[in-house]
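Notebook open, viewer open. I want to look up a few things in this structure and jot down what I find.

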Amino acid sequence: MSTLALSSARLPQRFLPVVATFAVFVVTFGAGSVRYENFASGQVVANLFVDNSFLIVLAVGMTFVILTGGIDLSVGAVAALSTMIAAATLNAGWPPLLSIITVLGSGATLGLLMGLVIHHFEVQPFIVTLAGMFLARGLCFLISVESVSITEPSFREFAAGAITLPGDITLTYSVVIALAVVLAALYVLHLTRFGRTVYAVGGSESSARLMGLATSRAKVGVYVVSGFCSALGGLLFSLYMLSGYGLHAVGMELDVIAAVVIGGTLLAGGTGYVVGSVVGVLVLGTVQSLISFEGTLSSWWTKIVIGVLLLAFIILQRLIVRRQT
Amino acid sequence: MTRGRLLWPLIALVALIVLNVAVEPSFVELRLQDGHLFGSMIDILRNGAPTLLIAVGMTLVIATRGIDLSVGAVAAIAGAIACTYISGGGDAVTAVLLALSVCILLGLWNGFLVSVLGIQPIIATLVLMTAGRGGAMLLTEGQIVTVKDPLYRQIGSGFLLLPIAILISLAVLAAVALITRRTALGMLIEAVGINPKAGELAGVRSRTIVWTVYVFAGLCAGVAGLMISSNVNAADANSAGLWIEMDAILAVVIGGTSLAGGRYSLAGTMLGALVIQTLTTTVYTIGVPTDVTLVFKAVVVIVVCLLQSPRTARMLRARRKTAVSTPRSQEVAAG
């Protein structure tokens, strides 16, 4: 709490939630390194990225949606559908590049359709993306009800590939892709007209429209971004699991929303940073590592701790919003 | 106006039943055996009972412009508590009371977050949805707890001519209909859904009403959870009530209750729950893999939402205006 008070004195208030998230990350990680001997190693930090690269990509997409004040419940299901499409097309003998383009294209298309329904028919994002979730999961099972393993050699090779950093720290290519997505999102959100419109729509849609901004393009666009990110996240997940399965990533939408909220993005829209969401994912990853290091704790504690963290950050958000108004 | 809203779900239900009869002519047959009614229709009613019960609670929550995503987790917790208690040597009545008290507490918790702290309902209940199932898993220690208690068994698979589960659901539905439609409560709930601040100014205790509907939703979820676990004589914290919140919301929406709050139809919810359960059964009958049901549900949600959307209403109104000059009151009703 002292970190909080100190930083609020110097930093603009809009950075406060991100700083709070970073403080939580430092505290949880610090607790781990005090308690366990090998916790504070470079490889443990690297593994946070390796094991959660797909979650980072999904969280980036969700940040766009939540910034406009919307929500996307379909991300986990779309990711599962992507693993399924990738597995099915690769096993059918498609060249990997074509398969990847198909996956990304279908994710973006699904996002576009949901965005169009949300914007043009004025249906709540929650219910449309819920339908999208049902649809994507159902389509997975339409392809196959069983788990399909990926046997394509160059895909497997890429999945097994590793980059060695100084100090014998190994990273997978997925991490590089995830970080590239984060950089691209930073560019789009802060240096393009689309990004500024996204923030403006979240702040006040009617004001943004009166200012002559392309609000409809931004509102539909964020769901395309989210659909694309879900598909890409699904691809990274299929690299991680080397299989496609309709029950992959069940409940992942909740983890993603939790990461974004913990990362300081206001659910009301308009305030938040992609970097915050990345730190949010790292917090969730650290909680998971702590629980697996502890060994005796049931993995179900992860869910409970995530729930408690989510709650704490929502209440923090309420306090911030209340102070502003 | 209400009759018009019920027309579409009713047509959908009849169409589904006709489809089933076409594939399996014995579908509508009922037979009486040992004083119990049997048949596919009865199975639909029994399997749909938990969804119907949760949907009744959800209807009131949605009428106040809220949503409760935690009902599936609460159902899992109720089953876990009751079964753990019974398998530890406790009696069924205490187990049920214990489970339901915890569900009321969980409802109080959701209601507190929404009505006192003013957190968005989707997110407030998301917390319990995430953490609740974890809690249920801890209670059952990750195992499926099986019980053999003849009394507890009755809740889910007992018969009193009709399955007891469906009798409970219908009784709750009737009670809620009576209480909210014979007193001003229903109107107050709708007033909160339309505009909580205006309601407050008009002397409606918005906070108390919102809080109460979440407690009621929690209680309904608890009873549904007991039905589910009693039906299989086991508490499976991992899969009991999984996706049931989605089915319940779907039932409410199909029934014509707007997600924007302010207006609800309990009869519609009942029809909606029946449509969903019949749809699920139809998919089995046709021989499509179970999980593909999700595609059908998705199509239903999208179609219903598009039919209900403001834009469709505007288009219909525009067409009606040009075709026949309708009285003004009907125009307002269509919107």
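My entries below go from the contact between the chains to salt bridges, helices and a surface patch.

**Entry 1: the interface**

First reminder to myself: this is a predicted model. I started where the two chains meet. How many residues of chain B are in contact with chain A? I get 44 residues of chain B, against 38 residues of chain A. I then asked which three residues of chain B supply more of its buried area than any other three. They are Thr130(B), Leu138(B) and Trp243(B), with 14% of what chain B buries against chain A.

**Entry 2: charges across the interface**

Next I looked for charged pairs between the chains. The count between chain B and chain A is one salt bridge. I found Glu122(A) and Arg314(B) paired through their side chains, at 3.0 Å from N to O.

**Entry 3: the other salt bridges**

Over all chains the count comes to six salt bridges. I went through several of them.

- In chain B, Lys297(B) pairs with Asp247(B) at 3.0 Å, N to O. This pair links distant parts of the chain, as Lys297(B) sits in helix 13 of chain B and Asp247(B) in helix 11 (residues 244–254), 50 residues apart. Buried or exposed? Both Lys297(B) and Asp247(B) are buried.
- While on networks, I noted that salt bridges with shared partners join Glu205(A), Arg209(A) and Lys219(A) into one network.
- Within chain A, the side chains of Glu205(A) and Lys219(A) meet at 3.4 Å, N to O. Glu205(A) has 25% relative accessibility, so I put it down as partly exposed.
- Back in chain B, Glu190(B) and Arg181(B) form a salt bridge at 3.6 Å, N to O. Glu190(B) counts as buried because its relative accessibility is 16%, under the 20% cut-off. Arg181(B), at 44%, counts as partly exposed.

**Entry 4: a buried threonine in chain A**

I picked out Thr63(A), which is in helix 3 (residues 42–67) of chain A. Its relative accessibility is 0%, so it counts as buried. What does Thr63(A) touch, leaving out residues up to four places away in sequence? I listed Val260(A), Thr265(A), Tyr273(A), Val274(A) and Ser277(A).

**Entry 5: checking helix 7 of chain B**

I checked the length of helix 7 (residues 164–182) of chain B. Its 19 residues at 1.5 Å each should span 27 Å, and the end C-alpha atoms are 26 Å apart, so the two agree. The buried residues in this helix are Ile164(B), Ala165(B), Ile166(B), Ser169(B), Leu173(B), Val176(B) and Thr180(B).

**Entry 6: a nonpolar patch on chain B**

Last stop was the surface. Leu7(B), Trp8(B), Ile11(B), Val299(B), Val303(B) and Leu307(B) make up a nonpolar patch there, together with about 580 Å² of accessible area. Which helices each supply at least two residues of the patch? I have helix 1 (2–23) and helix 13 (293–308) of chain B. Trp8(B) is in helix 1, and at 56% relative accessibility it counts as exposed.

Methods:
Residues are numbered from 1 along each chain as its sequence is written. Chains are lettered from A and ligands numbered from 1 in the order in which they are written. This is a predicted model: local features need pLDDT of at least 70, side-chain atom pairs count only at pLDDT 80 or more; totals for chains, interfaces and linings use all residues. Side-chain values use heavy atoms; hydrogens and water are left out. Patches are made of residues with over 30% relative accessible area and no salt bridge: like charges are joined within 9 Å, nonpolar side chains (Val, Leu, Ile, Met, Phe, Trp, Tyr) within 5 Å. Accessible areas come from the Shrake-Rupley method with a 1.4 Å probe; for residues, only the protein chains shown count as cover. A salt bridge is a side-chain nitrogen of Lys or Arg within 4 Å of a carboxyl oxygen of Asp or Glu. Helices (H or I, at least four residues) and strands (E, at least two) are DSSP runs, numbered from the N terminus. Buried means under 20% relative accessible area, exposed over 50%, partly exposed in between (1.4 Å probe, protein chains only). The expected span of a helix is 1.5 Å times one less than its number of residues. Contact means heavy atoms within 4.5 Å. Buried area is the accessible area (1.4 Å probe) that two parts lose on being put together, summed over both.
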